[in-house]
Amino acid sequence: MASRARRPALLGIDVGTSAVKVLLYFLGDGRGGADRVRLARARLAPERPRPGWSEMAPDGWWRAACRAVARLDLSDASVLGIGLSTLFPALVVADGRGRPLRPAILYNDSRSDAEVRGLAATALTHPALVHLLTGNQVRPGTIALASLLWVRRHEPDLFERASLVGMAGSYVGFRLTGRFAIDAASASLTGLWATASGEAWLRGVCRAHGVPPEKLPPGPVTCGQYLDLLGADRQGVAEAILGDLPPGVDRAALRARPMTLPEPGWVSVLCDAFGIDAACLPEVLWPGDRLGALTAGAAEALGLEAGIAVAAGAGDTVCSSLGMGLADEGEVSVTCGSTDCLSSLQRTAVFSTRTMNMAYLDAQTWLSVAPMNTTGAAVDWFVSRFVGRGPKAYDRFFALAGQAPPGAGGVVFLPYLAGERSPVFDPRARGVFFGLTLASGKAEMARAVLEGIGFGHRQILGMTDARLGSPVGRIVAAGGGAAHPLGRQVRADAADRPYLYADLKESSGLGAALLGGVAAGVFGSWRDAAAEARRFVRFQEVRPAPEAWHQLKGNFEVYASLYDALKHCF
């Protein structure tokens with residue numbers, strides 16, 4: 001029997017919370033989209049040994065990746081490059097040979113709350129300083145530093161034995177190539193890495209304070225010029241900062257001194273303040289950099305050929321954005337699943353405390369990420385409690401929601417069923433149905449759930465407009481949580497903006513595969529890879545209905561006021 005012709009392809013390995021999914025992407029040969037992608041998956045089972053804890057044995061990621069690739073038909077594929085997409089943060093603590101010393105602590109783990117609350121005790125560990133130097137506020141689970149501080153306090157012997165500290169991508173990449181590293185996007189969420197540095201940091205801080213970039217003086221900026229810029233629209237700021245200096249400091253000399261801007265890399269002052277040996281922290285690579293070649297042992301485990309180029313991948317949010325072709329400032333990608341995550345691309349390092357902020361794919365681009373904790377999960381909850389399970393359960397839910405008019409008869413739903421991360425950060429926040437009357441029924445409540453998700457989008461997009469200084473230009477979305485036409489329409493109506501929905505749900509896997517192509521030299525840069533995604537992925541535009549916002553405006557005003565009105569009750 002003649003063997004099948006082998007076509008050049010890229011492999012994306014997407015390590016998620018509940019599964020490892022692999023995507024085989026055949027490079028352009030005139031075939032249709034359906035023939036160019038193959039998918040396989042293997043389930044994962046994260047552990048919750050105590051309330052608020054969420055862990056995963058790193059070896060489980062590798063075993064699941066091997067199972068998933070084994071289920072993929074590779075008989076006609078010539079794999080040129082491999083890329084990784086991983087859940088993040090997912091703290092991995094390992095010995096000098098890369099062997100994990102404990103289960104990884106995942107992003108949705110809240111055990112480190114006490115450690116985070118203790119950061120304000122000293123100036124060098126104060127949350128405001130950490131945010132200034134790294135671009136992010138330290139929060140339980142969401143920033144790996146919090147979990148690492150928990151390990152130091154509660155497992156001191158293990159902490160002393162640690163020689164390597166990384167994330168999920170560090171470990172899986174190590175199993176593939178023997179090299180333990182971290183991508184820049186994941187490093188941004190450690191709480192120890194300078195997400196912006198040098199002039200980019202200075203421009204970002206000034207823009208965050210409302211200082212236009214053209215107001216920055218040419219050449220090195222003195223401390224006095226910096227203070228004057230910050231105080232341009234807020235009287236007394238410079239005087240207050242100088243007034244906090246110890247007696248004897250020559251204020252005139254300080255004002256004349258050139259500013260020392262943050263340097264790129266791991267922030268040594270924070271490592272010292274937290275008692276973390278910087279030698280344990282991995283080298284940082286850009287997503288798409290060549291991590292190494294697939295080792296013989298890894299090739300045998302995966303059923304591939306040794307020597308294939310492996311990319312330093314990225315966190316799933318970054319890969320998903322690349323897989324939807326995000327390349328220009330003002331674009332937003334939305335991944336819709338149990339959690340909806342809105343990511344905006346920016347070319348200025350403006351880091352809000354209300355979002356997670358990370359490097360994107362080079363030193364001039366960043367992502368500002370706003371995750372809503374329970375969006376698809378809120379639909380799952382409503383279905384299980386009020387609709388009932390079964391093969392047509394979700395069809396029944398959307399049919400039910402479709403029976404209620406826009407505005408849900410005045411019923412408003414606050415989708416904070418498991419706390420919230422954006423647009424407010426409050427792990428104690430709770431879900432709310434507001435506006436129920438004797439006329440309210442399950443149809444109105446179902447509709448309100450969908451509209452509550454859309455209202456959250458609207459709040460986040462408004463924050464993004466303000467941060468960018470202009471309206472968001474393009475919103476692309478993907479994921480199983482946005483598969484139903486009614487869910488798509490309600491998001492567009494509530495946000496009062498058009499959405500472009502991708503026909504490929506697994507955008508993270510595609511982005512990972514494309515990064516593998518960058519590492520293999522198939523694409524000259526990540527921008528070429530993004531252009532490939534735009535050529536391949538098909539988008540359906542969903543525009544807001546003409547009268548929708550008029551019908552929803554009153555409910556949104558109630559929605560926007562509910563958290564502040566009720567937060568003392570949570």
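Two strands are taken to pair if DSSP finds at least two bridges between them. With that in mind, and remembering that this is a predicted model, begin with strand E4 (55-56) and strand E7 (residues 104-106), which pair in the antiparallel sense over 2 bridges. Within this pairing, select Met56, whose bridge partner in E7 is Ala104.

Now widen the selection to the open sheet of 4 strands, which runs in the order E4-E7-E6-E8 with antiparallel pairing. Strands E4 (55-56) and E8 (164-166) stand at the edges with a single partner strand each, so one side of each is left without a neighbour in the sheet.

Next, turn to charges over rings. Select Arg111 and Trp53, where the arginine lies over the face of the ring at 3.7 Å from its centre; then select Arg139, whose charged end sits over the ring of Phe425, 4.3 Å from the centre.

Finish with the aromatic pairs, which number 21 in the model. For Phe397 and Phe398, the ring centres are 5.0 Å apart and the planes stand at 80°, so this pair is edge-to-face, the cut-off for that class being over 60 degrees. Are these two residues buried or exposed? Phe397 counts as buried because its relative accessibility is 0%, and Phe398, at 13%, counts as buried too.

Key: Residues numbered from 1 in each chain as written. Predicted model: local features only at pLDDT ≥ 70, side-chain atom pairs only at ≥ 80, totals over all residues. Heavy atoms only, no water. Phe/Tyr/Trp six-rings, centres within 6.5 Å; stacked < 30°, edge-to-face > 60°. Buried < 20%, exposed > 50% of the residue type's maximum accessible area, 1.4 Å probe, protein only. Lys NZ or Arg CZ within 6 Å of the ring centre and 35° of its normal.
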